[in-house]
Amino acid sequence: MELDLLPLNLPSDLKRPFVIAGPCSAETEEQVMTTAHQLAEKGCHMFRAGVWKPRTKPGGFEGNGIKALPWLKRVKEETGMLVATEVAKPEHVELALEYGIDILWIGARTTVNPFAVQELADSLKGVDVPVLVKNPVSPDLELWIGALLRINRAGVRRLGAIHRGFTSIDQRIYRNTPMWHIPIELHRRMPGLPIVCDPSHMGGRRDLIAPLCQQAMDMGFDGLLVESHCNPDAAWSDASQQVLPDVLDFIIDRLVIRNNAEMTESLASLRKQIDEMDTQLMDLLTKRMRVSREIAIYKREHNMAVVQATRYNEILDKRGAQGSLCGMSPDFVRRVYEAIHEESVRQQMEIINK
Ligand code: PEP
Ligand code: MN
C-alpha cells in the first residue's frame, strides 16, 4: 500500500533542517507573542503551540481551546512564521482552518485510535494543508502507517510523520524510548515520506534535546519539532523539556548536517568489508546450525528434551559477558542469542519429530 505524496514544501534555511518550534501549550497571549517574536528573531520559520492539550490524567492544563486561536493568527501576521497546532477532533480541524493555521499535526494519543483518525481524515477531505502524523504511543508501526494511509486517502498529499518515541515499560533515560528501528523501517517502507523528529517528547529533558537532534540528523531525518518557551521553568505543561529560543538557536546552529547522497570511495570500501564480514557470519551460523542438528540426533537417540534450560541460561550468561568485554551491550548480545537459539530449537524439533 503506497502513499500518494506531494513535497511538504516547508520553509527552511539552506544549511539547516526545517524546524517547527514553540511552546508545548499556548498559555497566554503574552507568552505566545513573546516566544514567537524571540523565535522569529532567531530565524525560525514555523511556530508550534498546543491549543487543545491531550493530557494523560485529568486535572492538568488542557489548553485554552478556541480562545488561543486568534493569538496564533497574530503570530502569523506579526512575524510571518507559519503556525502549527495539534488537532484531535473534526471540530479542531474546522476551527484551526477557520483561523488560518498552516500546518496540522495529529498527536500520539490520537494516532493509536483508528476511529479518531478516520474522523479526522473525513474532516480533512478537500483541504490542502500539510498534516504531520505523530507515531502512536505504542511501538506499533502498522498503526502508524494505517493512520498515514487514512489521512492520505482523504486526499491530503502534503503529509509527513513525526517520530516522538514510544511508551516503554523499562524506560530509563528517555521519557519515550526512541526505538529508532521503527522510523527507519517506516522510511524503508515509505521512502518518499518526510520524517520529523520531536526530541522534546522523546527525551523529556532539556539536556537530551541537542543529542537527539543530532542523532535524528545523522539518520537522515528531514526536520525537527522542538518545544521552546520564553520562560520554560514556568511552563504550564512539559516544563522540563522546553528550552529558551536562544538555547534552541544554539543547538540548531551546532548541528552537523551530513551529506547522505554522496557515497565516497572510502565509504564504498568500508561497506565492502561489512559485506565480506556478513558472509563470514552467515557461514559460521550455518556451521553452528549443522552442529546443533547433530546434537538433535544425539538427543533423539538418548530420549532427551530439545530445550535444556540450564544449558540455554549458561549460553545467554556467558555470551552476554563476552559481549560486554568486546564493547557490546549485554542486552544486544542476549537478543542475538535468543534469536539464534530459537532457530536452533526449530531445526532440532524437525529432527526429533522425524
Ligand atoms: C505535543 O506535541 O505537545 C504533544 C502532546 O505531543 P505527543 O502527542 O507527542 O505526546
Ligand atoms: Mn508537550
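Reader: Which residues surround ligand 1?

Author: In this predicted model, local features need pLDDT of at least 70 and side-chain atom pairs count only at pLDDT 80 or more, whereas totals for chains, interfaces and linings use all residues. Residues are numbered from 1 along each chain as its sequence is written, chains are lettered from A and ligands numbered from 1 in the order in which they are written, and side-chain values use heavy atoms, with hydrogens and water left out. Counting a residue as near if one of its heavy atoms lies within 4 Å, the surroundings of ligand 1 are Cys24, Arg48, Lys53, Glu86, Trp105, Gly107, Ala108, Arg109, Lys134, Arg164, His201 and Glu227.

Reader: Which side chain has an N or O atom 2.7 Å from an oxygen atom of ligand 1?

Author: A polar contact is a pair of N or O atoms within 3.5 Å; within protein, one must be able to donate a hydrogen and the other to accept it, and residues adjacent in sequence count only if both atoms are side-chain atoms. A polar backbone atom of Ala108 is 2.9 Å from an oxygen atom of the ligand, and a side-chain N or O atom of Glu227 is 3.4 Å from an oxygen atom of the ligand. The side chain with the 2.7 Å distance belongs to Arg164.

Reader: With which side chain does the side chain of Arg158 make a polar contact?

Author: Arg158 is found in the loop between helix H6 (141-153) and strand S6 (159-163), where helices (H or I, at least four residues) and strands (E, at least two) are DSSP runs numbered from the N terminus. Leaving aside residues up to four places away in sequence, Arg158 touches Leu6, Pro7, Leu8, Asp128, Val129, Pro130 and Val131, contact meaning heavy atoms within 4.5 Å. The polar contact, at 3.3 Å, is with the side chain of Asp128.

Reader: How are H5 and H6 oriented to each other, parallel or perpendicular?

Author: Axes are lines fitted to C-alpha atoms, for helices over the stretch in contact, and angles run from 0 to 180 degrees between N-to-C directions. Helix H5 (residues 114-123) packs on H6 at an angle of about 20°, the axes being 8 Å apart. Angles under 35 degrees count as roughly parallel, over 145 as roughly antiparallel, 65 to 115 as roughly perpendicular and the rest as oblique, and therefore H5 and H6 are roughly parallel.

Reader: At what angle do H11 and H13 pack?

Author: Residues of H11 that meet H13 include Leu285 and Met289, and those of H13 include Tyr337 and Ile340. Between helix H11 (residues 265-301) and helix H13 (residues 330-352), the axes are 9 Å apart and the angle is about 45°.
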